[in-house]
Amino acid sequence: MTDLLPHEAIVWAFRMLIGRDPKDEGEIELHRQHPDVDSLRTAFLSTPEFRLTFSKFGPKQPYCAPLFLLQKPQDPALPWRFTPPSLQEPVSQLCTAGQMEEPCFAELCAALDLPVSQHRKIWEFCFLVAAMKANGLLRPGSRALGFGVGTEPLPAFLVKHGMSVLATDAPLDVVEGQGWETSNQHATGIEALDRPAIIPFETLQRQTQFRALDMNAIPDDLEGFDLCWSSCALEHLGSIGHGLRFIEESLRPLKPGGFAIHTTEFNLSSNTDTLEAPNLAFFRKRDIEELASRLVAAGHQVSPLNFHPGEAELDAVIDLPPYALPHLKLLAADYVTTSIGLVIRKAGG
């Protein structure tokens, strides 16, 4: 008998592709019969409900930045700016086309063994490294902690710079049924981090440790790290509150003055309504500002918040399912979203 698709995969498809929850368990069970995820997606894309949901977001409806993005934070203690963001001088900022046109973007892609592509996930990795470089963190002998690493190139890149890495990903029982373990986006050991174009695997093994770790329960025995990072992981922790709590908790394993650098999903459509599902959440401007206020009040430093959504022609393009390039802004669950990067320095340095 063919294995049924996971229950959560069907719920996710409804929310992402049609913008609603399934009507009942019968509707879920019907779609679980598809032989694979590609078949499931094709079925959704051919429905009148899908076409109705996305018809209003055609080429004649480019993205226009809402006024809330221009508003200063209510907390005067928060550093803030509103200018086109740059990878040359990264702060806490959104993914934009202008950053991909900077010479350093191609250089970062080459260093990370990634294609030079107008894709926000490529930007996330480049942003993480750009922020590390800008803050002088790529030092031989430094210790780095990666959360939810999957198969990303960051561990190999950091080891090439003489650093030691503890790479972590969720235990299998935590991700079971969500599709990560079968989509080549989940790691169970160092082998998943092999990047021969960056460093030999033997070198990676010598300077890298791997550990299964639930990001909602960071253990107390982790300490003494110079930096930690995560890329497109904290939005999957169960809720907006869980994701924000993780960012705060990620500072605990750091030395005084250490840096936490994270990327996640950002809601470009609304500062009130958003998606908050068990396996995916879109963070609003207000969520980021409330987190930053707590961090600053606790003595930490938050790199200036820059919610400028870009001013290039590509910054107005909204990618629709089935997603393709350019993929900077996309429509998901009836919200236009992109990626945001956050840079935080722990108090005491």
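Axes here are lines fitted to C-alpha atoms, for helices over the stretch in contact, and angles run from 0 to 180 degrees between N-to-C directions. Helices (H or I, at least four residues) and strands (E, at least two) are DSSP runs, numbered from the N terminus. The model is predicted: local features need pLDDT of at least 70, side-chain atom pairs count only at pLDDT 80 or more, and totals for chains, interfaces and linings use all residues. Residues are numbered from 1 along each chain as its sequence is written, and side-chain values use heavy atoms, without hydrogens and water.

**H6 against H7**
- Helix H6 (residues 103–111) packs on helix H7 (residues 120–134) at about 100 degrees, with the axes 10 Å apart.
- The two are therefore roughly perpendicular (65 to 115 degrees).
- From H6, Phe-105, Leu-108 and Cys-109 are in contact with H7 residues, including Trp-123, Cys-126 and Lys-133 (contact: heavy atoms within 4.5 Å).

**Ser-239**
- Ser-239 sits in the loop between strand E6 (225–231) and helix H11 (240–249).
- Ser-239 is buried, at 13% relative accessible area (buried: under 20%, with a 1.4 Å probe and protein chains only).
- Its side chain makes a polar contact with the side chain of His-242 at 2.5 Å (N or O atoms within 3.5 Å, one able to donate a hydrogen and the other to accept it; residues adjacent in sequence count only if both atoms are side-chain atoms).
- At the start of H11, a side-chain oxygen of Ser-239 comes within 3.4 Å of the backbone nitrogen of Gly-241.
- Beyond neighbours within four places in sequence, Ser-239 touches Glu-276 and Ala-281.

Technical notes
Parallel < 35°, antiparallel > 145°, perpendicular 65-115°, else oblique. Buried < 20%, exposed > 50% of the residue type's maximum accessible area, 1.4 Å probe, protein only.
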